[in-house]
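Colleague: I'm new to this one. Can you walk me through it?

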Amino acid sequence: MGTRPPQQLVEHAAVPWLLAVALATAGPHAGHLPLWLSLLVGGALLWRAWLWFQGGQLPPRWSLALLVIGAVAGIGWQFHSLLGKDAGVAMLVVFMALKPLEMRSPRDALVIIMLGYFLLLTHYFYSQSIPTGLWLLTAMALLTATLIRLHGGAQPLAAIARYAGLLLLQALPFMLILYLLFPRVAGPLWGLPQDAYAGLSGLSNQMSPGSISNLIQSGAIAFRSQFVGELPEKSELYWRGPVFDAYDGLTWTARPRNAPLPAPVIEAIGSSHAYSSILEAHNQRWLLALDVPTRLPPDSSLAPTLEVLAREPLRVRSRFSFTSTLDYRANRSETSEALQQALTLPPKLNPRTRALADEWKSRPPEKIAEAALAMFRNQQFHYTLRPPLLGPDAMDEFLFVARRGFCEHYASAFVFLMRAAGVPARVVAGYQGGEVNPVDGYLTVRQSDAHAWAEIWLAGKGWVRVDPTAAVAPSRIEQGIVAALPAGEPLPTFVRLDAQWMRQLRNRWEAANNTWNQWVLGYNPQRQREVLARLGLTDPDWRSMSAWLAMLCGVLLLAVMVWTLPKRRPADPVLRAWKAYCMQLDRRGVRRAEWEGPIAFAQRVADARPDLAALTHEAAGCYAELRYGRGGGEQLRLLQQCIHRLPPQGT
Amino acid sequence: MRLTECFQRWLFRVARDEQLPIVLSQRRIFIVPTPGGILFAVVLAVMLIGAINYNLSLGHALIFLLAGLGLVAMVHTFHNLFGLRLTPGRVQPTFAGDLAHFPLELENVRRQSRRALEFSFRDQPMVTFDLAAESRATVAIPWATQRRGRVDPGRVTLATRYPLGLLRAWSYPYPPFSCVVYPRPIRTPLPPPSPGAQTDHHHGDSGQEDFAGLRPRQISDPTRHIAWKAVARRSDEQVLLVKQFSGGASDELWLDWSLTPVDRGEEDRLSILAGWILAADEQQARYGLRLPGQQIAPSQGNTHRASCLQALALYGESRPTGGH
């Protein structure tokens, strides 16, 4: 406390704070930066810390300029651009690491703080999970404390931490109000760099051997569904994804259409199920719905092949409501073009399979399908995640030699057989099953539930689902992937969670995440409207929202103002009693001067008003004893009584 | 110009404060963002665009938290000044060219400390002060003097950017400060004792040669004249005694305006006189001062020295200088 020496430079003792800021905001990026960059950043910060410790000179500016140019060139070489998301983050990290090396004035310190805020934002490109959210609060506390330290001079660490915490605590209600009411704009505002959505996982828009067995290695959630009524049987939960009707001998794809096909015709037979799903972003247009959907969410359409397509690729986790019917007739009158496509095979390949199919050609289509399924069931076929590699005649090798495969092998072999036998058929990819989380009742479907099955077209019945995997490994459909695969298959541990407590822990964690996703991450313009409507603000436009926002912020600001109003300690009772006594004497004609001590005053009173001498002497004695001696509550009471014992005025 | 002055006077209440202590009420505290605060706002805007574009919900949360922090900082910066009590202290005279220090007693009645209070006069160096919770302290606000005379340094700028440096709250208290600035002394040899004086004594020692007795001490007596031995002997009494010396009128030294070089300017001649006063005081001489139109009878001691120097400082002017 007291006068502080003037500061032209950043205080020596404040430098570690700024280094901590640099470390806290740039450090967590090490996970997705190239190693050389992480080493450069770590080296620069260590160097600066060493200079601080030694009290050494900062390096000359030209050497830093060279370092920056070198680092930028390295980034350009590594990312092939300086503008993308990853390259931009790398540049920010480099600036953050090198800025402390030329930090001299308080303005440089401010730049570091602002860079820190930017870097905090960039973390959310990579993760917006609950831990990242908590990290946000911690890092904000550090940045705030650093600002306090920069402007408030040396203080005990605890005092700085407490004050930073107080500021953040008071800022939190503002954050909540702004979060709730600030008019949300649906992004993006402009075209995003190409790498913006890299790393989103999910079903691909093509299928080749291995594509689904790779996907099921991941325990990541694909989507979560909440059913309005009863949950259907697990074996009925076929979540339809992309439909593949073109085969080139290795890969199944969806054939691009020249002219739009007519909209599908669905006749629902059974009861319908309403549910809403929170789909993770997968950067594809299809939305995963139960076979087959009858009511679609807005801004989506049903493709001729019955999958639900959104207008734009799904780039953020979003919520959709569907109604599906599990018993249906679909496209009983299919166009000849579609049927023709469902019979097309690449010429010449797989002669043995074609020969087998030729034997079945004379039978009715249902019998052909049954024959194929019987073959899978009765002959030595194995369901495995580790199928052998197949050569150019993949179907021949699979059906007659290897006989080991995963669902994509069975689905594609079945469809090939059907087409070769003259039955229109196609492959459907998607997810099968799911697991109910008892904590919040949501059905959780993971990437490990990815599946592929077949559909054949029968006259009078339309497209009918046939799942050849069910023939080979019925438990896959009834119980899930873990039960279907023999022990020793390379399933990741998170799929095989046997321990009950671990399963419970995961359920709780995922339920918490689901709440977080809906309330924090999924809070988009539409959700905002829903929430505000529930709060009684029906159909708000940005004007009324801004008005509410301003009003609530004003009220909050007032509350904070009152909260932080300078607090005074209650007045000293001894002093109050003495002053009250002196005021009474003042009214009776004797005024105590500010500088006058109690005893001297009592003496003067004795001269001026002999009638009050004894009482004043007692009061002054009490006060002196309380103030300068060892007086206690007894004296205070006496002093207070003196006031009442004074004779009334005018006597 | 006059209009802006009137406006400033109305807005900032720039008038000498009659009521002491000066209490900083909300009416006289102003607050605007600092350049750093404006940068903060721009950074937030850019971050918001980024968060919207990439659909970063947590990014929104971060930005809103920062915005809330900015609002909260406004309240805290304001409260860092609000309710502060200021009482001007006595100003020590200084010589022209030196820094005058205007003491301002600060009283903080609240339970939180008030940090990073910046005090300055207009166009003058700034001093930063940290005030503990529930305490009083005195800050000395510097003012670089240039000319002799009575100085009114004008309003004090009391500003703070604590805690986050994003906003600057300030107030313009105008305590009734006044400081006498002596002429900058120019050292030249003392003039000879005045005509008619007995010159058998070395003039510098005059007045202290012959012990003439003891008398009770007055405040203006230099401490070196206290008769410590006599005081110690007469311990029953509380009075300090000083030695009295027989110094006749013949030993008096007159520092006369007419003795200063005529070819120098008025200010220089006052400076020479100031130099003489200092020299005479150092030599413990009895000296008097003659200026056109006024005369101070010979005497010695700190009070005498101060009144002589003040006469020089205020010579030829009764209006205050400096200030605004």
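Modeller: Start where the chains meet: 55 residues of chain A are in contact with 51 residues of chain B. Keep in mind that this is a predicted model.

Colleague: Which parts of chain A supply that side?

Modeller: β1 (2-4), α5, α6, α7 (157-181), α17 (500-521) and α19 (542-563) of chain A each give at least two residues to the side that touches chain B.

Colleague: How many of those residues are nonpolar, polar or charged?

Modeller: On the side of chain A that touches chain B, 39 are nonpolar, twelve are polar and four are charged.

Colleague: What joins β1(A) to chain B?

Modeller: Three bridges join β1(A) to strand β7 (residues 127-131) of chain B, and the two run antiparallel. Look at A:T3, whose bridge partner in β7(B) is B:F129.

Colleague: New topic. What does helix α1 of chain A look like? How far apart are its ends?

Modeller: Helix α1 of chain A has twelve residues, 15-26. At 1.5 Å a residue they should span 16 Å, and the end C-alpha atoms are 16 Å apart, so the two agree.

Colleague: Which residues of α1(A) are buried?

Modeller: The buried ones are A:W17, A:L18, A:V21, A:A22, A:T25 and A:A26. Seen down the axis of α1(A), the buried residues fall within an arc of 145 degrees, so they line one face of the helix.

Colleague: And what covers the buried residues of α1(A)?

Modeller: The cover includes α2 (35-54), α4 (85-98), α5 (106-122) and α6 (130-152) of chain A.

Colleague: Let's talk cores. Which residues touch the most other members in the largest nonpolar core?

Modeller: That core has 121 residues, and A:V93, A:A97, B:L62, B:F64, B:L65 and B:L312 touch the most other members. Helix α3 (residues 57-81) of chain B gives the most to this core, with 14 residues.

Colleague: What is A:A97 in contact with?

Modeller: Leaving aside neighbours within four places in sequence, A:A97 is in contact with A:A22, A:A26, A:L40, A:V41, A:A44 and A:L45.

Colleague: What about a second core?

Modeller: A second, separate core has 79 residues, including A:L237, A:A303, A:F398 and A:V472.

Colleague: Now strand β3 of chain A. How many of its residues are buried?

Modeller: Five of the seven residues of β3(A), residues 221-227, are buried, so call this strand mostly covered.

Colleague: Which strands does β3(A) pair with?

Modeller: Four bridges join β3(A) to strand β20 (residues 443-446) of chain A, antiparallel. There, A:I221 has A:R446 as its bridge partner. β3(A) also pairs with strand β8 (residues 272-279) of chain A, in the antiparallel sense, over five bridges. In that pairing A:S225 stands opposite A:S277.

Colleague: Over to chain B. What is its secondary structure?

Modeller: Chain B comes to six helices and 17 strands. Buried residues make up 39% of its 324 residues. Take contacts in chain B between residues at least 6 apart in sequence: 71% of them join residues at least 24 apart.

Colleague: What is the strand order in the open sheet of chain B?

Modeller: The four strands go β1-β3-β5-β8, with antiparallel pairing. β1 (22-23) and β8 (135-144) of chain B stand at the edges with a single partner strand each, so one side of each has no neighbour in the sheet.

Colleague: How many bridges join β3(B) to β5(B)?

Modeller: Four bridges join β3 (residues 85-88) and β5 (residues 99-108) of chain B, which run antiparallel. B:T87 has B:E105 as its bridge partner.

Colleague: Where are the cis peptide bonds you'd point out?

Modeller: One runs from A:D291 to A:V292, with omega near -15 degrees. A:V292 is in the loop between β10 (289-290) and β11 (293-295) of chain A. Another joins B:Y162 and B:P163, with omega about 0 degrees. B:P163 sits in the loop between β10 (156-160) and β11 (167-171) of chain B.

Colleague: Which residues have a positive phi without being a glycine?

Modeller: Among them is A:N283, with phi about 65 degrees. With 14 C-beta neighbours inside 10 Å, A:N283 counts as partly exposed. B:A116 is another, with phi about 55 degrees. B:A116 lies in strand β6 (residues 114-121) of chain B.

Colleague: Is B:A116 buried or exposed?

Modeller: Buried, because B:A116 has 22 C-beta neighbours inside 10 Å.

Key:
Residues are numbered from 1 along each chain as its sequence is written. Chains are lettered from A and ligands numbered from 1 in the order in which they are written. This is a predicted model: local features need pLDDT of at least 70, side-chain atom pairs count only at pLDDT 80 or more; totals for chains, interfaces and linings use all residues. The expected span of a helix is 1.5 Å times one less than its number of residues. A residue is buried if 20 or more other C-beta atoms lie within 10 Å of its own, exposed if 12 or fewer, and partly exposed in between; C-beta atoms are placed from the backbone. The arc is that of the directions from the helix axis to the C-beta atoms. Two residues are in contact if their C-beta atoms, placed from the backbone, lie within 7 Å. Ala, Val, Leu, Ile, Met, Phe, Trp, Tyr, Cys and Pro count as nonpolar, Asp, Glu, Lys and Arg as charged, and the others, Gly among them, as polar. Two strands pair if DSSP finds at least two bridges between them. A nonpolar core is a set of buried Ala, Val, Leu, Ile, Met, Phe, Trp, Tyr and Cys residues joined through C-beta atoms within 7 Å.
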